[in-house]
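Good morning, colleagues. Please turn to the sequence and the structure as they come up on the screen.

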Amino acid sequence: MIAILSLTLLGAVLGVILGIANRLLKVESDPLEEELLAVLPGSNCGQCGFAGCAAAATAIATAASPTCCSSEGTPLATLVTCCPPGGKALAATLAGKLGITVDLSGVAAEGPRIAIVAEELCIGCCRCSKVCPTDAILGASRQIHNVLREACTGCENCVDSCPTEALVMRPVPITLQHWVMPRPLAA
Amino acid sequence: MSEVILLLLSTALVNNVVLIKFLGLCPVMGVSKSVDSAFGMGLATTFVLTLAAAASWMLDNWLLRPFGMGYLRILTFILVIAAVVQFTEMFIRKASPGLYRSLGIYLPLITTNCAVLGVALLNVEQRFSLFKSLLYGFGSALGFTLVLVIFAGLRERVALAQVPAAFAGAPIALVTISLLALAFMGFSGLNV
């Protein structure tokens, strides 16, 4: 009986202490930043010029905050279109989340692209699989490599690493497994 | 005074918690890639270990022993350690976001660091006083931090060295830490 009581009491006391500490040591996190981070690809390829998707989300959220002066730093419209793997769709989503209108004519319109291995050129050197941030490239030494379509984020890291130019970026091929019915046009 | 210094020396060097008792190897292998994060991890573990040693002494002497509930020892100690680690995590997140990010998953994993529980249980076994058990915890944590920082420095050098392909990565780290353990065996000749 006393064992149950003492453990319960101990747990309750520790819980109250932790609860108070949580209040006192609360870290303010920007809800907008988390929302933006959820939209970004999350492969941390670094093509935007930031240290990763989290850093990019922070930069966009800072630029979008009303306290930030618009004169210095990269303007918000350029930041929204900074993600090449995301393409036009991501830029539109980001602009929608921030409630701004952005000229998207400069953004590559062909949609998301993924890397594809040209099998007649691949020599199985494994260099591409080492630079892939998402482990999307399959293949052992002296075996022809292949790209996992679901894992590739189109960051283009592997294209430069290939000595035989066997890796090319192609629009995501549509197969029976991946086809989705297009949305009806808004009336 | 000399007793205090002797106890600290013997726990930190002669009976080093990592290299002689082989406790808490997971963070030593995991967070020793750079000296900075190793030092941060050492400080966090020092805080947790010292506080947990004192709190577990109080619980053991004032609650568990008088009521004959020695069988609840591990359970209560883990509970206290988990709470202290949670508090440390909140504090580091508030005080130093950079350190919080570099420690990553290893920060909450201090809970399952067997050095923390091991030191608390050894305290009970040796029937120290409160002050002595506090010192024992602090000395062990000092030893842990020392080994972590030395090992991180060694690993930073090894990362630049030419290592045979079969040994690259974790194997050479294990070889390095075993050599370090051999070196620490030398302290057992110290008469403290």
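Let me begin with chain B, whose pattern along the sequence reads α-α-α-α-α-α-α-α. Please bear in mind that this is a predicted model. In terms of secondary structure, chain B has 8 helices and 0 strands. Chain B comprises 192 residues, and 38% of them count as buried. Among the contacts in chain B with a separation of 6 or more, 80% are between residues 24 or more positions apart.

I turn next to the contact between the chains. Chain A contributes 12 residues to the contact, and chain B contributes 13 residues. Which helix supplies the largest share of the side of chain B that touches chain A? That share, 9 residues, belongs to helix 4 of chain B, residues 73-95. By class, the side of chain B that touches chain A consists of 9 nonpolar, 2 polar and 2 charged residues.

Helix 2 of chain A, residues 31-39, and helix 3 of chain A, residues 53-64, have axes that come within 9 Å and cross at roughly 135 degrees. An angle over 145 would count as roughly antiparallel; helix 2 and helix 3 of chain A are therefore oblique to each other. Their crossing is right-handed. On helix 2 of chain A, the contact is made by Leu32(A), Glu33(A), Leu36(A) and Leu37(A). From helix 3 of chain A, the residues involved include Cys53(A), Ala57(A), Thr58(A) and Ile60(A). Sorted by class, this helix contact has 9 nonpolar, 1 polar and 1 charged residues.

Conventions: Residues are numbered from 1 along each chain as its sequence is written. Chains are lettered from A and ligands numbered from 1 in the order in which they are written. This is a predicted model: local features need pLDDT of at least 70, side-chain atom pairs count only at pLDDT 80 or more; totals for chains, interfaces and linings use all residues. Two residues are in contact if their C-beta atoms, placed from the backbone, lie within 7 Å. Helices (H or I, at least four residues) and strands (E, at least two) are DSSP runs, numbered from the N terminus. Ala, Val, Leu, Ile, Met, Phe, Trp, Tyr, Cys and Pro count as nonpolar, Asp, Glu, Lys and Arg as charged, and the others, Gly among them, as polar. A residue is buried if 20 or more other C-beta atoms lie within 10 Å of its own, exposed if 12 or fewer, and partly exposed in between; C-beta atoms are placed from the backbone. Axes are lines fitted to C-alpha atoms, for helices over the stretch in contact, and angles run from 0 to 180 degrees between N-to-C directions. Angles under 35 degrees count as roughly parallel, over 145 as roughly antiparallel, 65 to 115 as roughly perpendicular and the rest as oblique. A crossing is left-handed if the near helix is turned anticlockwise from the far one by less than a right angle, and right-handed if clockwise.
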